[in-house]
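I opened the model to look up a few helices and side chains. My entries follow, in the order I made them.

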Amino acid sequence: MTEWAAQDPAVAEWARAQVPPGAEGVALAGAVLAWTHVHGAGGLEVSGQFEGMGHDGATLLTAQLDLLADGFGLG
């Protein structure tokens, strides 16, 4: 992710606006991981993959957000 920020000026500009200098890679990793986790859980819920399982999609989404927060020291 740090290399991506170094090679793409638009991405680097976005990341620098969000975090202190030198943390662009972490910001990008967090954004990409959060987007994919939320997109995946939401997609599974919307497509009805949890029906008949007795599973609440909100439980999975909350668990994923908690894991991401813990992983990035936000929890």
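**Entry 1: ground rules.** I call a residue buried under 20% relative accessible area, exposed over 50%, and partly exposed in between (1.4 Å probe, protein chains only). Helices are DSSP runs of H or I with at least four residues, strands are runs of E with at least two, and both are numbered from the N terminus. The model is predicted, so I note that local features need pLDDT of at least 70, that side-chain atom pairs count only at pLDDT 80 or more, and that totals for chains, interfaces and linings use all residues. Residues are numbered from 1 along each chain as its sequence is written, and side-chain values use heavy atoms, with hydrogens and water left out.

**Entry 2: helix α2.** I looked up which residues of α2 (residues 9-18) are buried. They are Val 11, Ala 12 and Ala 15. These residues sit on the same side of α2, because they cover an arc of only 95 degrees around the axis. The arc is taken over the directions from the helix axis to the C-beta atoms. On the other side of α2, I find Pro 9, Ala 10, Glu 13 and Ala 17 exposed.

What covers the buried residues of α2? The cover includes α1 (2-7) and α3. Next I checked the start of α2. There, a side-chain oxygen of Asp 8 comes to within 3.1 Å of the backbone nitrogen of Ala 10.

**Entry 3: Glu 24.** I moved on to helix α3 (residues 24-46), where Glu 24 lies. Is Glu 24 buried or exposed? Its relative accessible area is 12%, so Glu 24 counts as buried.

I then listed its contacts, meaning heavy atoms within 4.5 Å. Not counting residues up to four places away in sequence, Glu 24 touches Ala 5, Ala 12, Ala 15, Arg 16 and Val 19. Ala 12 and Ala 15 were already on my list of buried α2 residues.

For polar contacts I used pairs of N or O atoms within 3.5 Å; within protein, one must be able to donate a hydrogen and the other to accept it, and residues adjacent in sequence count only if both atoms are side-chain atoms.

**Entry 4: salt bridges.** My criterion is a side-chain nitrogen of Lys or Arg within 4 Å of a carboxyl oxygen of Asp or Glu. How many salt bridges does a search of the whole structure find? It finds one. Glu 24 forms a salt bridge with Arg 16, and the closest N and O atoms are 3.3 Å apart. Side chains of opposite charge can pair when their charged atoms come close.

**Entry 5: helix α4.** Gln 64 lies in helix α4, which spans 57-71. Gln 64 counts as buried, at 16% relative accessibility. Leaving aside neighbours within four places in sequence, I find Gln 64 in contact with His 37 and Ala 41.

Leu 65 is also found in α4. At 41% relative accessibility, Leu 65 counts as partly exposed.

**Entry 6: nonpolar patch.** Patches take residues with over 30% relative accessible area and no salt bridge; like charges are joined within 9 Å, and nonpolar side chains (Val, Leu, Ile, Met, Phe, Trp, Tyr) within 5 Å. Areas come from the Shrake-Rupley method with a 1.4 Å probe, and for residues only the protein chains shown count as cover. Which residues make the nonpolar surface patch of about 380 Å²? Val 26, Leu 33, Phe 72 and Leu 74 make it. I placed Leu 74 in the segment after α4. Leu 74 is exposed, with a relative accessible area of 70%.

- Gly 40 and Leu 61 are 21 residues apart along the chain, and their C-alpha atoms are separated by 9.2 Å. Gly 40 lies in α3 and is partly exposed at 31%.
- Leu 65 and Leu 44 are 21 residues apart along the chain, with 16 Å between their C-alpha atoms.
- Leu 74 and His 55 are 19 residues apart along the chain, with a C-alpha separation of 27 Å.
- Glu 3 and Gly 30 are 27 residues apart in sequence and 15 Å apart in space, C-alpha to C-alpha. Glu 3 is found in α1 and counts as exposed at 56% relative accessibility.
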